[in-house]
Amino acid sequence: MKKIILKLNGVLIIILFCGMYSFNKSSLLNNPSFGSVTATVNGVSYKANAVAAMSKSKGRISITAVQTSPAQEMMFAFKGTATGTYPLNATATTLGNAALFYDGAMGGKSTVSYWTDKNHTGTITISKLDIAGKLMSGSFSFTAVQAEPLNSTATVSVTSGVFTDLPVR
């Protein structure tokens with residue numbers, strides 16, 4: 001029963017991201033945005049080749065960062081309309097702020113996916129929000145649990161995350 005509930009939680013969170021914050025990855029890679037996203041993933045450096053940020057209604061913001069080699073992707077969705085620190089701890093019942101990490105994500109075929117939940121959390125901090133220039137900078141860190149294929153004990157640790165001058169659409 002627990003596996004079914006975890007699977008359903010994962011499906012709901014993925015639907016949240018896909019429905020509200022979908023990006024065409026090949027378009028993103030062919031037309032990379034200005035700005036940068038870097039982090040340390042399980043002790044290994046991560047630098048995105050392409051990044052995008054999008055502001056939705058009611059103050060929802062999403063960030064997508066794609067690294068091509070090795071193929072990995074990070075996605076964030078959170079409600080934030082000002083500088084400050086926001087928790088990344090969404091669950092299927094709250095559908096709040098969340099972080100997702102895909103290992104082997106190129107072409108939309110994720111081999112392993114991880115996401116934050118009430119027990120595997122993090123934060124995202126907006127330190128610069130230039131509304132007129134439509135640029136955003138900040139930092140992030142999180143621990144996420146493996147969801148696909150389901151493994152409730154495997155986690156990914158993302159530390160020292162920084163995003164700089166992301167254009168917000």
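1. pLDDT is the predictor's confidence in each residue, from 0 to 100, and a contact means heavy atoms within 4.5 Å. Over residues 1-32 pLDDT stays under 50, and the model has 56 contacts beyond four places in sequence for this stretch.

2. This is a predicted model, in which local features need pLDDT of at least 70 and side-chain atom pairs count only at pLDDT 80 or more, while totals for chains, interfaces and linings use all residues. Residues are numbered from 1 along each chain as its sequence is written, and side-chain values use heavy atoms, with hydrogens and water left out.

3. The protein has a mean pLDDT of 79, with 73% of its residues at 70 or more.

4. Rings of Phe, Tyr and Trp (its six-membered ring) pair if their centres lie within 6.5 Å; planes under 30 degrees apart count as stacked, over 60 as edge-to-face and the rest as tilted. The count by this rule is five aromatic pairs. One of them joins phenylalanine 76 and phenylalanine 142 edge-to-face, at 5.8 Å centre to centre and 85 degrees between the planes. Because phenylalanine 76 lies in strand β5 (residues 71-79) and phenylalanine 142 in strand β10 (residues 135-148), this pair ties together parts 66 residues apart in sequence.

5. Phenylalanine 76 is buried (under 20% relative accessible area, with exposed over 50% and partly exposed in between; 1.4 Å probe, protein chains only), at 2% relative accessibility. Phenylalanine 142 is also buried, at 2%. Ring pairs link Phe76, Phe140, Phe142 and Phe163 into a cluster.

Terms used
Helix = DSSP H or I, 4+ residues; strand = E, 2+ residues; numbered from the N terminus.
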